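Thanks for making time this morning. I would like to walk through one model with you, and I will give the cut-offs as each term comes up.

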Amino acid sequence: MHVRIALRFYSRTGPRSSTIGTQWAAVGAFLARRLLLTVPVLLGVATLVFSLIHVIPGDPAQAMLGETASSSDVADLRQRLGLDRPLPVQYAAFLGGLLRGDLGRSLRTGEPVSTQIAERIPATFELAIAAMIVAVGVALPLGIAAAVWRRTLVDHVAMTAAMAGVSIPNFWLGPLLAIVFGVELGWLPVSGSGGLEHLVLPAVSLGGALAAIVARMTRATLLEELRQPYVQAARARGASRTWAVIGHAFRNSLVPVVTIVGLQFGAVLTGAVITETIFSWPGVGRLLIQSISFRDYPVVQGCILLIAVTYVAVNLATDLLYSVLDPRIRLE
Amino acid sequence: MTRAGGIIVAVAVLMALAGPLLVPFDPATQYLALRLEGPTAVHWFGLDELGRDVLARVLAGARISLMVGIVVVGVSASVGTVLGSVAGYFGGRLDEMISRLIDILLAFPGLLLAIALVAVLGPNLTNVVLALSSIGWVGYARLVRGQSLQVRELEYVLAARAAGATRVRIVTRHVIPAVLPAVSVQATLGMGGAILSEAALSFLGLGVQPPTPSWGTMLSYGRAHLLDAPHVTIFPGLAIAVLVLGFNFLGDGLRDRLDPKTIGD
């Protein structure tokens, strides 16, 4: 009560508004600095993706067309891709194209790479988000249960399951799920896209490893929070361990958990490359693997670039969100 | 759990080494008349699509997986430790350059860059090791750099500096030994990661090429026979999961023992 009155009094006075102003200025400065730091990283990503075509052993144009291609076809492709120009000119043209959203054309279909990728993005994002929902839905109860019943059978079973989840490859889990739920039980389709039922097996297969990581993180942060004085005080006032976890510690432990979920988005995107291949899911990952087998390098470059840039963007967003939620990060 | 992990890893290593003595079948010999036959008293794990003994191939695959893991982790940990300790201890421009390179490589999800590299270099075992190592060192470098920043302020390091020790001597005699426990934990966990990554690349057709037995390749070919011969998929997958689990248990246990904060959790 006293605290509330004091806060109300303080809120009417000048220093609070100026403190808020200073805080927002600090947030603004942090955001600007963090955004600025992303620029060289993005440039580095673009440079690496540009270099990919140049680390192909021998003549890249010959490699793309195959050993049997005629020398005139190879020369034609070299000219079409601009590989006959000096390296700095190629690099400048590549960066210029990126800024205009021009990723070149597919060698196989002749379509713009950006169009091909844009058609596949929704499917990949749909899968990635579904996998993350599955992961969080499984992981939070598992992590909470392990923390509430620490050092009991529940904890051991939950953490062994989580460790198994990290260790089981999704390219094995996927086919196993397909055998059980698609073939034996006939409950779910085993390939393709369409309604929600098509999404279940790929999402579970992709979300398994993430669920395991988030469950372990949830347990660890909850146990850390349980050591804090405010939880100890609640316990001293008679709160049960279950209530101390759910009613007090859980909310504060969410910040690191949300961060881990965000930072794991890259792993989910990479996992999607495999999951999409297993379940014939029409996303960017499947396009990438198909393009590799056709040696369609402009599409390969485009897919890699898109996944890496998405990863950087999600990490940036996670960092920014974290800094808004936890002021200590800005001070560091 | 640490003990369970240690036992799993030790058994896996022994079985991989003694594979030819344990199973009287060559992993490449084809018994075409028996192709896709399920597990029997003679062929415990059954036969694959070309009539090869799955158990013999799982054991041969273990040698490939462990070899890839050891080489990738060895190279990554060595390069990462040297670059990380140099960046952390020397500071300045060298640190700036190494840190920017780390930032850029960390902007790629690890396996994605390996996929990209193998796609352009060509799918084979050497390129898989090259691709995984050229990304793997980044994690070690980041860890060691952070640790080196702390170690350089420790009194015995300051004393060595005051006594006139050269920077190279301080890094090799003081900084690197101090960060080795943390590196060994990361390396144990990294073995599991490297084995999973190799299997993933081979599964996608970008890793070890047939007829060399690799767990990932076996899973990839097994997919076509999920309905009529699930054993071809089940056993190599189980082998991957168990071995990776073993390394994860071991790495987790080591970390807990080295970090007093987690004792009791």
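I will begin with chain A as a whole and then turn to one helix of chain B.

This is a predicted model, in which local features need pLDDT of at least 70 and side-chain atom pairs count only at pLDDT 80 or more, while totals for chains, interfaces and linings use all residues. Residues are numbered from 1 along each chain as its sequence is written, with chains lettered from A and ligands numbered from 1 in the order in which they are written.

Chain A has 15 helices and zero strands, where helices are DSSP runs of H or I with at least four residues and strands are runs of E with at least two, numbered from the N terminus. Its C-alpha trace spans about 85 × 60 × 35 Å along the principal axes. Of its 332 residues, 37% are buried, meaning that 20 or more other C-beta atoms, placed from the backbone, lie within 10 Å of the residue's own.

In chain B, the twelve residues of helix α4, 110-121, should span 16 Å at 1.5 Å a residue, which agrees with the 17 Å between its end C-alpha atoms; the expected span is 1.5 Å times one less than the number of residues. Ten of those twelve residues are buried, including Leu111(B) and Val120(B). Another of the buried residues, Ala114(B), is in contact, beyond its neighbours within four places in sequence, with Ala131(B), Leu132(B), Ile135(B), Ser197(B) and Leu201(B), contact being C-beta atoms, placed from the backbone, within 7 Å. Just after α4(B), Gly122(B) has a positive phi of about 110°.

Notes:
Two residues are in contact if their C-beta atoms, placed from the backbone, lie within 7 Å.
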